[in-house]
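Here is a friendly walk through one chain. Please keep the view open beside the text as you read.

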Amino acid sequence: MLDFRVKTFLTVCETMNFTRAADRLHVTQPAVSQHIRYLEKEYQVKLFSYQGKKLTLTAAGEKLRQAMRQMQSDERLLKAEIKQADLPPVRFGVTMTIGEYALARPLSRFLKDHPQTNVEVVYGNTQFLTKKLDEGDLDFALIEGDPARGYASPRYQSEDFIAVCSPDLSFAKEPDQIADLFDQRLLVREPGFRDQEDPGGQLRRPGAGTERLQAVCPGRQHADDHPAAFGQLRGLFLVPACR
């Protein structure tokens, strides 16, 4: 905790008037003068001088003002950190797609607005994250697709899916609608990634006409790479537009 005479000194620096400083601090003017004399005696320098009737800081006073303003700022920060020290962290989970492409900016804004908040982020697929929720290890999770029953699930954001394939993949006809892709093999990630098992549930909705789609999982070694890696495989990969 800063000495009360530091606050007096900084207030005089702001007002450049002992009387106005006393009014702001709710003390008498002699008390303000006494505090300043104490600091001058402590540092063995003159902090203020008069040029006519105008009060000014000496070079030593300006140096002390800068140092004490930094101390004041450090104390405010320390108080905030101490207040937050005993608060539990906010722990939440995200899937890789959300964590890499959709979370960075909003999380950055949150941490900027709440710099003292401790945040822990856990990455995993939907199956892993819902298990962590069940075990009480997460406060909430951001996942793709529709969650399993038993979870409160407000929608955070909607994204379109883009079909990606190798430029060498051949089509019976140039595709210009989704139905033209249904004879192709659909490449999906390993079980647990809801957006790739069935993106938004749209592929299996009644009347979608997707019964000819063949879902094939190329394995984890490809699933963790950039979607371009799927260009080596014969089929389509559905990528959220937020990528």
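Is Met 16 buried, partly exposed or exposed? Met 16 counts as partly exposed, at 27% relative accessibility; here buried means under 20% relative accessible area, exposed over 50%, and partly exposed in between, with a 1.4 Å probe and protein chains only. Before going further, please note that this is a predicted model, in which local features need pLDDT of at least 70 and side-chain atom pairs count only at pLDDT 80 or more, while totals for chains, interfaces and linings use all residues. Residues are numbered from 1 along each chain as its sequence is written, and side-chain values use heavy atoms, with hydrogens and water left out.

**The chain as a whole**

The chain holds nine helices and nine strands. These elements are DSSP runs numbered from the N terminus: helices are H or I with at least four residues, and strands are E with at least two. Of its 243 residues, 33% count as buried. Contact means heavy atoms within 4.5 Å. Among contacts between residues at least 6 apart in sequence, 66% join residues at least 24 apart.

Met 16 sits in the loop between α1 and α2 (18-25). Although Met 16 is not a glycine, its phi is positive, at about 50 degrees. His 26, in the loop between α2 and α3, also has a positive phi, near 60 degrees, and is a residue other than glycine. His 26 counts as exposed, with 72% relative accessibility.

Helix α1 (residues 4-15) contains Thr 8, which is buried at a relative accessible area of 4%. Beyond its neighbours within four places in sequence, Thr 8 is in contact with Leu 25, Val 32, His 35 and Ile 36. Tyr 43 belongs to helix α3 (residues 29-43) and is partly exposed, at 43% relative accessibility. With neighbours within four places set aside, Tyr 43 touches Leu 64 and Met 68.

**Salt bridges**

A search of the whole structure finds six salt bridges, each a side-chain nitrogen of Lys or Arg within 4 Å of a carboxyl oxygen of Asp or Glu.

| Pair | N to O distance |
|---|---|
| Glu 14 and Arg 24 | 2.7 Å |
| Arg 65 and Glu 62 | 2.7 Å |
| Lys 132 and Asp 137 | 3.6 Å |

Glu 14 and Arg 24 meet in a salt bridge. This pair links distant parts of the chain, with Glu 14 in helix α1 and Arg 24 in helix α2, 10 residues apart. Glu 14 is exposed at 57%, whereas Arg 24 is partly exposed at 47%.

Arg 65 and Glu 62 are three residues apart in helix α4, so about one helical turn separates them. Arg 65 counts as buried, at 18% relative accessibility, while Glu 62 is partly exposed at 26%. In the remaining pair of the table, Lys 132 is partly exposed at 24%, and Asp 137 is partly exposed at 31%.

**Patches on the surface**

Which residues gather in a patch of positive charge on the surface? They are Lys 7, Arg 76, Lys 79 and Lys 83. Patches are made of residues with over 30% relative accessible area and no salt bridge; like charges are joined within 9 Å, and nonpolar side chains (Val, Leu, Ile, Met, Phe, Trp, Tyr) within 5 Å. Lys and Arg count as positive and Asp and Glu as negative, with His and the chain ends not counted; a charge is placed at NZ of Lys, CZ of Arg, CG of Asp or CD of Glu. Helix α4 (residues 59-85) gives the most to the positive patch, with three residues. Lys 79 lies in helix α4 and is exposed, at 53%.

A nonpolar patch on the surface is formed by Met 96, Val 121 and Tyr 123, which together have about 250 Å² of accessible area. Tyr 123 is part of strand β4 (residues 119-123) and is partly exposed, at 43%. Tyr 123 is also one of the contacts of Thr 95, a residue buried at 0% relative accessibility in the loop between β3 (90-94) and α5 (96-102).

Conventions. Accessible areas come from the Shrake-Rupley method with a 1.4 Å probe; for residues, only the protein chains shown count as cover.
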